[in-house]
Amino acid sequence: MRAYLWFELRRLARDPRLTLFSVLGPVVTYLIFSELAGGSDQLEGVDATVALMVGLAGYGAVAGVLSVGSLVSQERAVGWLSQLRVTPLPPWQAVAAKALVSTLSGVPSVIAVGITGRIQHHVELSAGRWIALLLLMWAGTVPFALLGLAIGYGLAPQLAQPVNFLAFLGLSVLGGLLVPVTYFPDALRHLGHALPTYRYAELGWRSVAGLAPTPSGLGVLTVWTVLFATLAAWAYRRSTAHR
Amino acid sequence: MDDIVVRLTGLTRRFGPVRAVDGLDLAVARGTTLALLGPNGAGKTTAISMMLGLTQPDAGTVALFGRTPTEAVRAGRVGAMLQDSGVVPTATVREVVELARALYPRPLATDRILAMAGLADRAGRRLDKLSGGEAQRARFAFALAGAPDLLVLDEPTAAMDVAARQAFWSAIHRYAAEGRTVVFTTHQLHEADEFADRVVVLAAGRVVADGPPAQIRALAGGRTVAFDAAGAAPEGLELLPGVRSVQVRGDRVVLTTDDADATVLALAAGRGFRNLEVSAALEAAFLTLTAIGSEH
């Protein structure tokens with residue numbers, strides 16, 4: 001499995017489109033949005049510039065993680081996944097490696113936006129806080145990796161890409177990763193609070209403020225994770241059964 | 001028993017009302033290079049897919065080395081080149097070969113794999129930058145890398161040019177000479193004829209002939225007799241001596257016959273002909289055989 005993991009990581013590192021989309025996008029957006037926020041504004045319990053930093057780091061991470069899912073769809077369509085299934089690599093390891101690689105593809109965005117926040121807005125966190133933030137923003141992408149795999153195994157490439165994009169856009173906008181849910185009307189804000197994207201960013205906001213995750217936040221994330229895992233398992237089984 | 005590498009028993013797979021593979025029985029002995037020959041739609045790919053455990057049969061069983069296909073694949077005894085199976089972009093030839101080597105317990109040396117696939121000078125190239133034939137050879141390298149005891153190739157040469165084909169088949173020949181078993185599919189009779197030591201002809205999901213290449217040719221012994229239709233209806237031609245089938249191709253009538261001499265003599269005595277052409281095309285034998293199969 002290690003060989004396959006390395007193989008996939010090298011391929012990921014070589015795909016510049018992904019990096020462009022998931023790193024440059026949020027960095028530029030952060031530079032623009034954080035200038036609009038007043039220096040002393042508070043959002044989600046932390047300074048606005050920090051809240052936006054976490055939100056956009058998460059935005060880029062979700063973008064990166066989900067886009068690996070649509071790559072799975074292409075690999076399936078060209079027969080590469082069948083080709084792997086006639087090697088000794090057990091299928092569950094292929095899927096696990098893919099899930100791990102897709103969560104890792106969210107990490108560059110978190111690092112890049114974090115560095116931007118540090119340089120542009122002098123975001124001051126202790127080394128431990130930075131590390132905790134990075135680890136949480138990485139671990140929190142698990143439900144999105146599963147959603148990406150569900151889309152990748154479930155849909156043909158022509159469909160996977162737009163569905164992926166819509167899922168990404170809907171979840172990240174409504175979950176308050178771009179514009180904080182504080183500015184939303186009541187109904188939308190309640191919706192936002194129920195989404196995994198909001199609860200994912202909440203992990204980061206609370207960690208920056210030195211607070212533990214909320215039970216309700218973890219609960220919502222767990223429910224979505226189970227839901228997406230079930231969907232991914234179903235899509236995987238369907239994709240292999242009908243060939 | 002131990003010397004039977006592949007054993008298919010009553011293998012059947014339906015797609016809706018169509019029986020893609022219909023009660024296929026086959027035992028392949030160790031060291032055989034077997035061609036699964038048939039026209040498009042004969043069920044070759046479906047049979048291969050079931051043989052490898054990628055498709056579940058509706059009925060019948062598959063045993064590879066006396067085990068289930070999944071077990072044999074996990075044990076690293078099987079390498080396969082699937083039809084149209086793509087290559088992943090952004091990986092290089094060497095990376096794909098090294099991946100395959102890492103997945104199998106006793107792989108071949110990288111240099112040998114690259115040489116056998118004719119890709120020694122393409123090792124650092126990205127797969128999406130290869131020509132169609134090179135990409136096909138990269139997939140061959142991937143299938144071969146683990147030194148599998150059973151190598152399964154589904155239409156392996158479709159995208160290769162003539163020189164690449166020759167190199168490919170001589171590599172296969174050397175590989176098989178080490179006591180390994182090779183099963184490949186083709187719809188080209190000459191490939192089966194030249195490179196296999198056993199040919200199984202498949203038509204409409206059934207075996208219609210099975211034997212050494214020479215025997216397959218002799219079985220049908222077919223020749224074609226072609227001449228201008230010249231506006232006359234082809235009625236009654238199927239009654240001429242030796243004729244097995246009558247086809248009208250544009251302005252030409254093509255008879256497939258067991259006895260070209262008798263057919264031509266009867267033609268000359270009867271309706272006559274213009275632009276007569278008699279050929280011993282292997283394709284005729286193939287058509288004859290598969291036509292028999294389709295009548296089931």
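Visitor: Chain B first. What share of its contacts with a separation of 6 or more comes from residues 24 or more positions apart?
Guide: Those residues account for 69% of them. Two residues are in contact if their C-beta atoms, placed from the backbone, lie within 7 Å. This is a predicted model, where local features need pLDDT of at least 70, side-chain atom pairs count only at pLDDT 80 or more, and totals for chains, interfaces and linings use all residues. Residues are numbered from 1 along each chain as its sequence is written, while chains are lettered from A and ligands numbered from 1 in the order in which they are written.

Visitor: How many helices and strands in chain B?
Guide: Chain B has 10 helices and 13 strands. Both are DSSP runs, numbered from the N terminus: helices are H or I with at least four residues, strands are E with at least two. The C-alpha trace of chain B spans about 70 × 40 × 35 Å along its principal axes.

Visitor: And what percentage of chain B is buried?
Guide: Of its 296 residues, 49% count as buried. Buried means 20 or more other C-beta atoms within 10 Å of the residue's own; exposed means 12 or fewer; partly exposed is in between, with C-beta atoms placed from the backbone.

Visitor: Which residues touch the most other members of the largest nonpolar core?
Guide: B:A141, B:L144 and B:V152, in a core of 145 residues. The largest share of this core, 17 residues, comes from α3(A). A nonpolar core is a set of buried Ala, Val, Leu, Ile, Met, Phe, Trp, Tyr and Cys residues joined through C-beta atoms within 7 Å.

Visitor: What is B:L144 in contact with?
Guide: Leaving aside neighbours within four places in sequence, B:L144 contacts B:G79, B:L108, B:I113, B:M116, B:A117 and B:L151. Another core, of nine residues, lies apart from the largest one and includes B:L237, B:V253, B:L255 and B:L267.

Visitor: Now the A–B contact. How many residues from each chain?
Guide: Chain A gives 20 residues and chain B gives 25. On the chain A side, the elements that give two or more residues are α1 and α4 (80-85). The largest share of that side, five residues, comes from α1(A).

Visitor: What is that side like by class?
Guide: Nine nonpolar, four polar and seven charged residues. Nonpolar covers Ala, Val, Leu, Ile, Met, Phe, Trp, Tyr, Cys and Pro; charged covers Asp, Glu, Lys and Arg; the others, Gly among them, are polar.

Visitor: Switching to helices. How do α7(A) and α11(A) cross?
Guide: Their axes come within 9 Å and cross at roughly 170 degrees; α11(A) is residues 196-208. That makes α7(A) roughly antiparallel to α11(A). Axes are lines fitted to C-alpha atoms, for helices over the stretch in contact, and angles run from 0 to 180 degrees between N-to-C directions. Under 35 degrees is roughly parallel, over 145 roughly antiparallel, 65 to 115 roughly perpendicular, and the rest oblique.

Visitor: Which residues make that contact?
Guide: From α7(A): A:R129, A:A132, A:L133, A:L136 and A:M137. From α11(A): A:L203, A:G204, A:S207 and A:V208.

Visitor: What about α5(A)? Which residues are buried there?
Guide: A:A97, A:K98, A:A99, A:V101, A:S102 and A:T103. What covers them includes α1 (2-13), α3 (48-77), α7 (127-139) and α8 (142-154) of chain A. The 14 residues of α5(A), 91-104, should span 20 Å at 1.5 Å a residue, and the end C-alpha atoms are 20 Å apart, which agrees. The expected span is 1.5 Å times one less than the number of residues.

Visitor: Is A:T49 buried or exposed?
Guide: Buried, because it has 21 C-beta neighbours inside 10 Å. A:T49 sits in helix α3 of chain A. Not counting residues up to four places away in sequence, A:T49 touches A:S34, A:A37, A:G117, A:H121 and A:V123.
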